[in-house]
Amino acid sequence: QDEYSIFQRQYAVGIHGYVLVYAVTSKTSFEMVKIINEKILNALGTDKVPRVLVGNKKDLTYER
């Protein structure tokens, strides 16, 4: 989590979009992806940035 605590604009140079991945077996993972999304939007100053939300670990049905 510490690695996402600072999102600097220079990291976004040449980026056309973002893929945000979370584990469907972890509510904490989903909450963290919401925070990361907000940091991206705040750092770029716009909400017109292509983003895709991907749920990982779908095959672990019994761990949901």
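User: What is the accessible surface of the chain, and how much belongs to carbon and sulfur atoms?

Analyst: The accessible surface comes to about 5200 Å², and 52% of this belongs to carbon and sulfur atoms. Accessible areas are from the Shrake-Rupley method with a 1.4 Å probe, and for residues only the protein chains shown count as cover. The model is predicted: local features need pLDDT of at least 70, side-chain atom pairs count only at pLDDT 80 or more, and totals for chains, interfaces and linings use all residues. Residues are numbered from 1 along each chain as its sequence is written, and side-chain values use heavy atoms, with hydrogens and water left out.

User: Why is Val21 called partly exposed?

Analyst: Buried means under 20% relative accessible area, exposed means over 50%, and partly exposed lies in between (1.4 Å probe, protein chains only). Val21 has 48% relative accessibility, and therefore counts as partly exposed. Its place is in strand 1.

User: Why does Leu53 count as partly exposed?

Analyst: Leu53 has a relative accessibility of 49%, so Leu53 is partly exposed. Leu53 is found in strand 2. Of the 64 residues of the chain, 20% count as buried.

User: Which residues make the nonpolar surface patch?

Analyst: Val19, Val21, Val52 and Val54 make a nonpolar patch of about 320 Å². Strand 1 (18–23) and strand 2 (51–56) are the elements that give two or more residues to this patch. Patches are made of residues with over 30% relative accessible area and no salt bridge; like charges are joined within 9 Å, and nonpolar side chains (Val, Leu, Ile, Met, Phe, Trp, Tyr) within 5 Å. A salt bridge is a side-chain nitrogen of Lys or Arg within 4 Å of a carboxyl oxygen of Asp or Glu.

User: What makes strand 1 and strand 2 a pair?

Analyst: Two strands pair if DSSP finds at least two bridges between them. Six bridges join strand 1 to strand 2, and the strands run parallel. The chain crosses from strand 1 through helix 1 (residues 27–44) to strand 2 in a right-handed β-α-β crossover. Right-handed means that, with the strands pointing away from the viewer, the path from the first strand over the helix to the second runs clockwise. Helices (H or I, at least four residues) and strands (E, at least two) are DSSP runs, numbered from the N terminus.

User: What is Leu53 in contact with, leaving aside neighbours within four places in sequence?

Analyst: Leu53 is in contact with Leu20, Tyr22, Phe30 and Val33, where contact means heavy atoms within 4.5 Å.
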